[in-house]
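The sequence and the structure are shown first.

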Amino acid sequence: MDFIRIAEIFDKIDKESITGRIELTNIVAKFIADVSDEDLQIVLLFFQGKTFPMWSNKELGIAENLVVKALSKTTGWKEEKIKDKIREEGDLGNVASKILSERIQHSLFSSETENLTVKEVSNGFQKISECSGGGSQDKKMQLIDKILSKATETEAKFFIRLLLGEMRVGIGEGVIRDAIAIAYNVEPNLVERGYYLISDIGRVARIAKTNGTDGLENIVPKIGIPVRVMLAQKTDGVKVAIDEFGKCAFEVKYDGMRIQIQKNNGKIYLFTRRLENVTDQFPEIVRAVKENVQADSVIMEGETVAIQGTGQCDVSERRKPRVFQELSRRIKRKYDIEEIASKIPVEINLFDILYLDGKSLLNEKFEDRRKILENTVRTTETFRLAEQIITDSVEDAEKFYNYAIKLGHEGVMAKKSDAIYQAGSRVGYMYKIKPLMETLDVVIVGGTWGEGKRAQWLASFLLAVREPVSNKFLTIGRLGTGFTDEEFKEMTENLKELVTREEGKDVEIRPSIVIEVAYEEIQKSPSYTSGYALRFPRLVRFRDDKSAEEADTIERVEELSR
Ligand code: AMP
């Protein structure tokens with residue numbers, strides 16, 4: 001398929017500012033109805049403004065400057081002149097399109113005649129992600145130039161926006177799901193279920209197209225690809241859980257990071273809740289799985305907690321949880337892994353099993369899954385089962401809750417004994433019970449360089465919440481306090497790679513980092529694009545376990561502000 005076809009659809013959505021759910025769904029449904037199996041996956045990724053599936057390890061690592069260089073090479077325009085134009089237009093995609101339209105008029109007869117295909121663009125992204133080491137920026141620039149040289153003005157605009165991860169014409173997951181359902185005449189909830197199980201919307205669409213409802217119903221997890229985890233609802237206390245579930249399981253709600261462990265013979269994969277592959281970051285977990293999991297193939301879940309570890313003779317001292325930021329350092333570290341692993345040891349508390357020796361366990365009851373888990377794992381001091389009691393006594397559950405808090409963890413989870421595992425959903429099978437403090441999970445979308453002592457650091461961060469239909473981010477406040485110098489430094493290091501544009505002291509940041517903030521109040525405010533402002537936001541913790549797509553939405557802000 002020619003890339004121009006999808007670029008023209010984006011252009012229409014952009015120019016006509018189409019944001020209505022039904023209209024967007026119909027546009028996507030009509031478009032994908034006749035896309036070939038081969039191109040379907042790419043087209044659906046592009047519709048979501050993505051270049052790779054969420055669970056893929058691949059990254060483009062492209063900042064605006066590099067694209068300016070490539071554009072200069074393609075068009076002969078001076079870099080400074082392009083930058084001036086960006087200041088006028090505010091969007092590099094639009095700038096590229098304008099410059100190319102001039103070029104195209106001037107060299108109409110000599111320009112390439114062969115059309116750019118979606119496959120070529122996707123291959124380009126693939127190759128860019130493979131560039132590493134010395135000269136990689138140059139190689140990336142050549143690859144960008146190669147595509148830009150073949151692109152029409154509309155294609156250039158959206159190629160660049162994809163490249164920078166700033167589609168602006170965002171189409172949310174819900175719209176894609178409904179569009180697949182309409183295009184291939186299947187139930188939207190079956191499409192969603194499939195997506196939650198194999199996290200690959202392109203494959204789900206292909207199955208819907210070729211095998212319809214039967215195909216979707218038969219989707220089972222596939223080892224090597226993360227399953228979207230089942231989520232918990234909040235509730236006010238253990239009594240509510242017992243009133244609803246009756247006799248049920250209470251488990252310590254460990255303060256750490258959810259991890260999905262997959263094993264297929266000798267091969268082990270570790271995924272975070274946001275579907276990132278962190279296998280390389282936790283070699284000790286890989287070893288523990290190899291040594292202690294008696295199964296050929298398995299998918300399990302647990303909570304990874306950073307602990308005090310060695311040097312303490314008492315077990316309870318060794319197991320004391322450390323602050324989440326320490327675990328964040330483990331997740332982000334790409335080198336000297338064994339060294340940091342010995343400095344920041346972790347323990348795993350397993351709490352569920354989804355798949356065992358070729359068989360999906362999703363439809364088994366929770367109490368049975370727990371038994372299977374117990375029979376599959378040999379526990380050690382740091383590779384354990386989540387501590388659990390089964391009770392219908394409010395008093396016992398409260399005692400257990402206080403015990404969990406005393407251990408330094410967040411509270412408890414209450415789990416319905418006969419509940420199946422519903423991937424990806426926040427169904428009422430599992431409640432979280434923790435001390436009450438309203439917080440919001442927001443995304444960092446911008447920042448400002450500091451002054452004086454902080455001139456080298458990004459010192460104030462622009463926060464945003466999600467608009468789920470169009471997948472856009474709406475600003476809601478700024479955060480500049482609550483960090484130590486060390487944290488400012490680390491934040492700057494991490495955010496620097498995500499800067500897409502700089503204007504004086506202000507930077508725009510690709511929405512990717514989620515943080516949990518507490519605040520005094522939510523006020524209506526015209527200063528931010530959400531229409532609301534957080535009063536006195538302060539950092540509670542980094543949510544490395546969440547992707548930007550899982551950040552809180554504008555609807556939640558509206559609810560909380562009432
Ligand atoms: P929250 O992140 O506040 O929505 O709470 C849900 C998270 O608690 C899960 O995603 C897990 O990472 C974490 N968690 C900690 N302990 C447990 C447990 N025993 N069972 C299930 N989830 C747990």
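## Helix packing

Helix α10 passes α12 in a right-handed crossing, where right-handed means that the near helix is turned clockwise from the far one by less than a right angle, and left-handed that it is turned anticlockwise. Helices (H or I, at least four residues) and strands (E, at least two) are DSSP runs, numbered from the N terminus. The model is predicted: local features need pLDDT of at least 70, side-chain atom pairs count only at pLDDT 80 or more, and totals for chains, interfaces and linings use all residues. Residues are numbered from 1 along each chain as its sequence is written, and side-chain values use heavy atoms, with hydrogens and water left out.

Two packed helices are described by the angle between their axes and the distance between the axes. Axes are lines fitted to C-alpha atoms, for helices over the stretch in contact, and angles run from 0 to 180 degrees between N-to-C directions. For α10 and α12 (residues 201-217), the angle is about 20 degrees and the axes are 9 Å apart. This makes α10 roughly parallel to α12, since angles under 35 degrees count as roughly parallel, over 145 as roughly antiparallel, 65 to 115 as roughly perpendicular and the rest as oblique. Helix α10 (residues 173-184) also packs against α11 (residues 188-198), at about 120 degrees and with the axes 8 Å apart. The pair α10 and α11 is therefore oblique, and α10 passes α11 in a right-handed crossing.

## Ligand site

The ligand is surrounded by 13 residues, the closest being Glu-251, Arg-258, Glu-303, Lys-415 and Lys-432; a residue counts if one of its heavy atoms lies within 4 Å of the ligand. By class, this shell holds four nonpolar, no polar and nine charged residues (Ala, Val, Leu, Ile, Met, Phe, Trp, Tyr, Cys and Pro count as nonpolar, Asp, Glu, Lys and Arg as charged, and the others, Gly among them, as polar).

A polar side-chain atom of Glu-251 lies 2.9 Å from a ligand nitrogen atom. An N or O atom in the side chain of Lys-415 is 2.8 Å from a nitrogen atom of the ligand, and one in the side chain of Lys-432 is 2.4 Å from a ligand oxygen atom. The protein buries 96% of the 490 Å² that the ligand exposes when taken alone (Shrake-Rupley method, 1.4 Å probe). Strands β2 (248-253) and β10 (411-415) are the elements that give two or more residues to the shell; β2 gives the most, with three.

## Positive phi values

Most residues other than glycine have a negative phi. Asn-265, in the loop between β3 (257-264) and β4 (267-272), has a positive phi near 50 degrees. Leu-275, in the loop between β4 and α14 (283-292), has a positive phi near 70 degrees.

Terms used:
A polar contact is a pair of N or O atoms within 3.5 Å; within protein, one must be able to donate a hydrogen and the other to accept it, and residues adjacent in sequence count only if both atoms are side-chain atoms.
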